[in-house]
Amino acid sequence: MSVTLVIGAQWGDEGKGKIVDILSENFDIVARYQGGANAGHTVVFNGNKFILHLIPSGILQPKTTCIIGNGVVVDPFALIDEVELLRSFNIEVDGRLFISDKAHLILPYHKLLDKASEECSEKSIGTTGRGIGPAYVDKFSRCGIRLGDIFETDELRAKIEQSFTQKIEMISKLYKRDFDIDIQKSISEFMQSLRTIQHYVDDTTFLLNESISNGKKILAEGAQGTLLDVDHGTYPFVTSSNPTAGGACTGLGIPPTSIDTIIGVCKAYSTRVGNGPFPTELNDDTGKKIRENGYEFGSTTGRPRRCGWIDLVALKYSVMINGIQSLAITKIDVLNDFDEIKACVEYEINTERTNKFISKASTLEKVIPVYKTFKGWQKALNGTTKFEDLPLETIKYLRFIEEYVECPIKIVSTSPERNDTIFLD
Ligand code: GDP
Ligand code: IMO
Ligand code: MG
């Protein structure tokens, strides 16, 4: 029993990168289990800001081994860019990064398909355009290409050529889009990118399970968030993988019994990037103020994030389906200068009230949030190292969250920096 999961408890961008970075100091291995370069995990330390899309945030701690598990969809170009970015900061990746031979590849045509389907859809999802959905479609249609296939060069090129032609034809017929693309050139560049990354490919299933048997400490880093889960989120406005706890087992090839700790990361308010229902969204000056205070712009696409009050109905659901044992509340400082702060405690739908989350998008769109109001603390928080030293109003707000969702808060983050983090007990 030596695996800890860190899971996004909202719609992504909860600050998982910061929390994983801090915790990784005490772990031997940090592993990503789902998603791809749609993720953007930000870590800030010593005045430097790193945004990681594919490589686990643990790479910034010098002794940590990092794994990209079989559940991740890997874009080799994004990976190469990230390796180069880290090298420019003298952070070496070789010998510390291992990618599952069972992980699927994102090919250039997946990104074209992602773009075309979004452009043609009447109700677009607002994807990151990173080819995530189409890559998982191929995985589950059993026509994807896995990292382990890249060593069979001749067969691989023929397979890619065939798929490329089929996909371009599909885009043209189904979506009525013609991309001006030199297929042979694109394939050659792709093959070249595979040669650059092939030394990272390994059997990470055995690597992880042997590490568990040898008593190593493993941290599984979730990407996206519970409410973007393809099964449990606000379908169809979701991503195409399972960020929830179960995804860690299938996405790494580890048994559920190996997991002993599950931490949920949650902002002190809510954000969502992309389309879909968002009951507590504030399309007013308060929402604007949260965006400005929290610098709420997407780490991957730069899009402004939609902002609103914390949704405790949704958070309680996240705690339930993930089995979250403790919470890390981030960005509490963003609320520092508000007179009052609100938390959604019930949904009103057709004059009835419920405290059960509704994942059906068309129903969730119609709910009216019922709020409890808290007095603001009007004080800066960074530099505070003890929970008891936080202003009384902050403590009251945090204690209410704990009681409502029946889950203890064990970490409170008060700025993007590593040091501005309060650990309880
Ligand atoms: P992730 O995808 O869950 O890793 O989150 P992102 O990195 O996309 O977004 C979180 C943003 O909030 C990043 O810019 C972080 O540097 C920043 N952040 C994390 N924790 C805090 C905090 O406690 N306070 C403030 N002000 N910013 C934070
Ligand atoms: P991290 O790991 C926030 C959102 C997209 C879109 C939907 C589907 O940084 O928390 P996709 O490209 O996955 O097909 O897009 O999911 N989305 C995220 N939102 N944080 C993320 O990752 C996200 N990854 C995908 O905006 O609404
Ligand atoms: Mg992010």
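N322 lies in helix α10 (residues 312–322) of this predicted model, where helices (H or I, at least four residues) and strands (E, at least two) are DSSP runs numbered from the N terminus. With a relative accessible area of 3%, N322 is buried; the term buried denotes under 20% relative accessible area, exposed over 50%, and partly exposed the range in between (1.4 Å probe, protein chains only). Leaving aside neighbours within four places in sequence, N322 is in contact (heavy atoms within 4.5 Å) with I7, T226, T244, A245 and I262. The side chain of N322 is joined to that of T226 by a polar contact of 2.9 Å, and a polar atom of the N322 side chain lies 2.9 Å from the backbone nitrogen of A245. A polar contact is a pair of N or O atoms within 3.5 Å; within protein, one atom must be able to donate a hydrogen and the other to accept it, and residues adjacent in sequence count only if both atoms are side-chain atoms.

Residues are numbered from 1 along each chain as its sequence is written, while chains are lettered from A and ligands numbered from 1 in the order in which they are written. As the model is predicted, local features need pLDDT of at least 70 and side-chain atom pairs count only at pLDDT 80 or more, whereas totals for chains, interfaces and linings use all residues; side-chain values use heavy atoms, with hydrogens and water left out.

Two ligands are present in the regions described next. Around ligand 2 there are 20 residues, of which D13, K16, H41, T128 and T239 come nearest, a residue being counted if one of its heavy atoms lies within 4 Å of the molecule. Oxygen atoms of ligand 2 approach the backbone at several places: a polar backbone atom of G40 is 2.9 Å from an oxygen atom of the ligand, a backbone N or O atom of G126 is at 3.4 Å, and a polar backbone atom of Q224 is at 2.8 Å. Taken alone, ligand 2 exposes 550 Å², of which the protein buries 98%; accessible areas come from the Shrake-Rupley method with a 1.4 Å probe, and for residues only the protein chains shown count as cover. Ligand 1 is surrounded by 19 residues, the closest being K16, T42, S299, D333 and S413. A backbone N or O atom of G15 lies 2.9 Å from an oxygen atom of ligand 1, and side chains also contribute, with a polar atom of R305 at 3.1 Å from a ligand oxygen and an N or O atom of K331 at 2.9 Å. The area that ligand 1 exposes when taken alone is 580 Å², and the protein buries 93% of that.

R305 and K331 also belong, with D13, K267 and E296, to a network of salt bridges, each defined by a side-chain nitrogen of Lys or Arg within 4 Å of a carboxyl oxygen of Asp or Glu. A search of the whole structure finds 22 salt bridges. Another of them joins E119 and R177, with the closest N and O atoms 2.8 Å apart. Because E119 lies in helix α3 (residues 108–120) and R177 in the loop between α5 (153–174) and α6 (183–197), this pair ties together parts that are 58 residues apart in sequence. E119 is partly exposed at 39% relative accessible area, as is R177 at 28%.

The largest nonpolar core has 71 residues, and those with the most contacts inside it are L312, L327, Y397 and I401; such a core is a set of buried Ala, Val, Leu, Ile, Met, Phe, Trp, Tyr and Cys residues joined through side-chain atoms within 4.5 Å. Helix α12 (residues 392–405) supplies the largest share of this core, seven residues. Apart from it lies another core of 39 residues, among them F45, I68, V74 and V83.

Backbone geometry was also examined. Most residues other than glycine have a negative phi, and most peptide bonds are trans. Y235 and P236 are joined by a cis peptide bond, with omega about 5°, and P236 is found in the loop between β10 (218–221) and α8 (245–252). In the loop between β10 and α8 is also the place of Q224, a residue that has a positive phi of about 55° and is buried at 7% relative accessible area. N350, with a positive phi near 50°, is exposed at 68%.
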